[in-house]
Amino acid sequence: TTIAGRGQTVTFPDGFIWGSATAAYQVEGAAAEDGRGPSIWDTFSRRPGAIANGHNGDTACDHYHRYAADIGVMRELDLDVYRFSVAWPRVQPDGAGAINAAGLDFYEKLVDDLLEAGIAPYVTLYHWDLPQALEEFGGWTNRDTAYRFADYTKAVYDRLGDRVSTWMTINEPWVAAFLGYGIGVHAPGRTSSAEAFRAAHHLMLAHGLSVRALRGSGADEIALTLNLVPVVTPGQVNDPALVLSAADAEAVDRVDCLINRQFLDPALRGEYPEQVLKIVDRVAGLDHIRGGDLAIINQPIDLLGINYYTPCVVRSGPGEPANPAYPGTEDIEFAGAYAPTTATGWPIVPTGLSQLLVRLSRDYPEVGLLVTENGAAFDDVVSGERVHDADRTAYLEGHLRAAHAAIEAGADLRGYLVWSLLDNFEWAEGYNKRFGIVHVDFATQRRLLKDSALWFREVIQRNGLWKERARRPTLEEVA
Ligand code: GBH
C-alpha cells in the first residue's frame with residue numbers, strides 16, 4: 001500500500017519491486033553445523049593475510065540461527081522480496097553425489113517463514129562459496145564443475161521449486177573468476193590470468209546448464225546476476241557527451257568487453273565479442289571453449305540482475321601500473337578516485353546507474369532489468385538506539401533518482417534491492433566495512449535499524465521519493 005506523498009515528485013511504476021539482499025557466507029555463520037562441508041571461503045579465510053584482521057565467516061551474523069528474527073526485521077521494513085543465496089556445501093558437502101537433507105531443511109524453513117511474512121524469496125544458487133572438494137579438482141578451471149552445478153541446481157529445485165518462483169544462477173561471474181583466479185584477492189586465491197578466463201567460461205557454462213535444469217523443472221522466473229559497470233573516460237564522468245579520441249574510444253570498448261560483454265553477450269546473444277576472443281586466445285588459448293557451449297549458455301532468461309556500485313574510468317595511455325584484474329589492457333590507464341568515495345574507496349557516481357540501465361535496455365531489449373545490488377559502506381555513527389548514516393541514505397537516494405530517470409528514459413527496470421540488509425562479512429575486507437541498512441553488533445548479534453533503513457521503509461511505502469532531499473525521520477515516525 002502506498003502513502004500518497006505530499007511534495008512527492010519521483011514515483012515508481014505500480015508493482016515496482018522493493019527489497020534487500022545478502023549472501024550465505026556473508027551472513028549465515030554455523031560453518032560446521034548440520035553437515036555443511038567446507039567451501040573455498042573457509043579455506044581462503046584461513047590463509048594468513050588474506051582477509052583484513054584475519055576475520056572469517058564462521059559466525060558472521062549468525063543468520064543461520066537468527067533467521068526468524070531477521071525476517072521480523074524485513075517485515076518491519078515492508079520489503080517485497082528478500083534475495084539470499086544457498087550455500088552449495090550445505091546442500092552437497094562434497095560438491096557432488098550425496099545430498100545433505102539437513103542443509104536443505106534450513107532453506108526450506110527460511111522460505112516458508114518468508115512466504116508466511118508475505119516476502120517473496122529470490123534464491124541465488126551461487127554466491128562464491130564453492131565446495132572445497134571441487135576446488136581439489138581444479139574448481140571453476142575444471143569444466144566438470146559446471147555439470148556438478150547443474151546437478152546441485154536440481155537438488156535445490158526439487159526441494160524448493162514448489163514455493164520459490166524467482167531463481168538466480170551465478171552471482172557476478174567476473175568477480176568469481178578474475179578476483180578469485182586472476183588476482184587472488186578472493187577465494188580460491190589463485191593468480192593466473194589464463195585460469196581466470198577458463199573459470200569465467202565455465203561459470204557461464206554453469207549458468208546455461210543451470211537455466212536448462214530450472215526451465216526443464218518448470219521454474220517461473222530465471223535470472224543471471226552480473227556486476228555491470230559503465231566504462232567511461234575521466235572527461236566523460238562530468239560530460240557524458242564528450243567526443244573521444246579513437247584511442248580512448250578503443251580503450252573504453254576493450255574494458256567494456258572484458259567486464260560487461262564477456263558475460264552479457266554469451267548469455268543474451270550467444271556469442272563472445274571479437275575483442276574478448278582475441279585476448280582469451282592470447283592469454284589462455286581457446287581450447288576450453290567447445291562447439292555447442294555458446295548455445296548452452298544462451299538460454300532465454302527473464303531477468304538480468306544488475307549489481308551496481310561504481311563506474312570504471314579508463315583512458316588510453318601507458319597502463320602504469322597495469323591492472324592485473326583486466327588481462328590484455330596493459331596499454332590502458334585506470335583512474336583512481338575522481339569523485340567523493342565510500343568507505344571502500346569507490347567513487348560515488350549515481351548517473352552511472354542511469355547510463356547503465358538505459359544502455360542495457362537499448363542493447364539487450366529482450367530481458368527485464370532488476371537492480372539486485374546497490375549500496376555502500378560508510379563509517380556509521382552509533383548513538384544509543386540510533387545509527388546515523390546520512391551518507392548511506394544520500395547514496396541510496398541518489399541512485400534511486402538515477403534509476404527513476406532511467407525508467408523515464410525507457411529502461412525496463414522492474415525493481416531495486418539494497419545491498420545489504422545486514423552489516424556482514426565483506427569478503428577480503430572482513431567485518432569492518434559495513435554495507436547494511438541494519439546495523440549488526442557482532443559481539444552481541446544485536447540488530448539496529450539504521451536511519452537509512454527507516455528512510456528506505458518510507459520510500460517503499462510511498463513507492464517513491466520526495467521533492468526535498470532526504471531528511472531523518474522523526475522519532476514519532478519511527479515509533
Ligand atoms: C558485490 O560485489 C557482491 O556481490 C557482494 O557480495 C559484496 O558484499 C558487495 O558487492 C560489496 O562489495 O575499486 O573503484 O575499481 C561487488 C563487486 C568489484 C564492485 C570491485 C567494486 C571495485 C571498484 N565489486 N569493484 S574500484
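Predicted model: local features only at pLDDT ≥ 70, side-chain atom pairs only at ≥ 80, totals over all residues.
**The barrel**

Let us begin with the closed barrel, whose 8 strands follow the order S2-S3-S4-S5-S6-S8-S11-S14 with parallel pairing. From one strand to the next, the twist averages 25 degrees.

Several of the strand pairs can be followed residue by residue. Strand S2 (residues 17-21) is joined to strand S3 (residues 81-85) by 3 bridges, and the two run parallel. Here Ala-21 stands opposite Arg-83 in S3. Helix H5 (residues 101-116) packs on this sheet and touches S3 and strand S4 (120-126), with a direction about 170 degrees from that of S3.

How enclosed is strand S11 (residues 368-373) by the rest of the structure? Of its 6 residues, 6 are buried, so S11 is largely enclosed.

Strand S9 (residues 312-316) pairs with S10 in the antiparallel sense over 3 bridges. Within that pairing, Arg-315 has Glu-333 in S10 as its bridge partner.

**Helix H8 and its two partners**

Two packed helices are described by the angle between their axes and the distance between the axes.

| Helix pair | Angle | Axis distance |
|---|---|---|
| H8 (residues 173-182) and H11 (residues 246-269) | roughly 130 degrees | within 10 Å |
| H8 and H9 (residues 193-217) | about 150 degrees | 8 Å |

The angle between H8 and H9 is about 150 degrees, which makes H8 roughly antiparallel to H9. H8 passes H9 in a right-handed crossing. On the H8 side the contact is made by Pro-173, Ala-176, Ala-177, Phe-178, Tyr-181 and Gly-182, and on the H9 side by Glu-195, Ala-196, Phe-197, Ala-199, Ala-200, Leu-203 and Met-204. By class, this contact has 11 nonpolar, 1 polar and 1 charged residues.

With H11, the crossing is at roughly 130 degrees, and the two helices are therefore oblique to each other. This crossing of H8 with H11 is right-handed as well. Pro-173, Trp-174 and Phe-178 of H8 meet Leu-258, Ile-259, Gln-262 and Phe-263 of H11. The contact residues divide into 6 nonpolar, 1 polar and no charged.

Which residues does Thr-342 contact, leaving aside its neighbours within four places in sequence? The partners are Ile-348, Ala-376, Ala-377, Phe-378 and Tyr-395. Thr-342 lies in the loop between S10 and helix H14 (350-363). With a relative accessible area of 8%, Thr-342 is buried, because the cut-off for buried is under 20%.

Gln-236 is in helix H10 (residues 234-238). Gln-236 is also buried, with a relative accessible area of 12%. Not counting residues up to four places away in sequence, Gln-236 touches Leu-242 and Leu-244.

Is Ala-409 buried or exposed? Its relative accessibility is 54%, so Ala-409 counts as exposed, the cut-off being over 50%. Ala-409 is found in the loop between helix H15 (390-408) and strand S14 (413-419). Ala-409 and Ala-335 are 74 residues apart along the chain, and their C-alpha atoms are separated by 29 Å.

Definitions and conventions. Residues numbered from 1 in each chain as written. Heavy atoms only, no water. Axes fitted to C-alpha atoms, helices over the stretch in contact; angles between N-to-C directions. Helix = DSSP H or I, 4+ residues; strand = E, 2+ residues; numbered from the N terminus. Parallel < 35°, antiparallel > 145°, perpendicular 65-115°, else oblique. Left-handed = near helix turned anticlockwise from the far one by under 90°. Contact = heavy atoms within 4.5 Å. Nonpolar A, V, L, I, M, F, W, Y, C, P; charged D, E, K, R; others polar. Pairing = 2+ DSSP bridges. Buried < 20%, exposed > 50% of the residue type's maximum accessible area, 1.4 Å probe, protein only.
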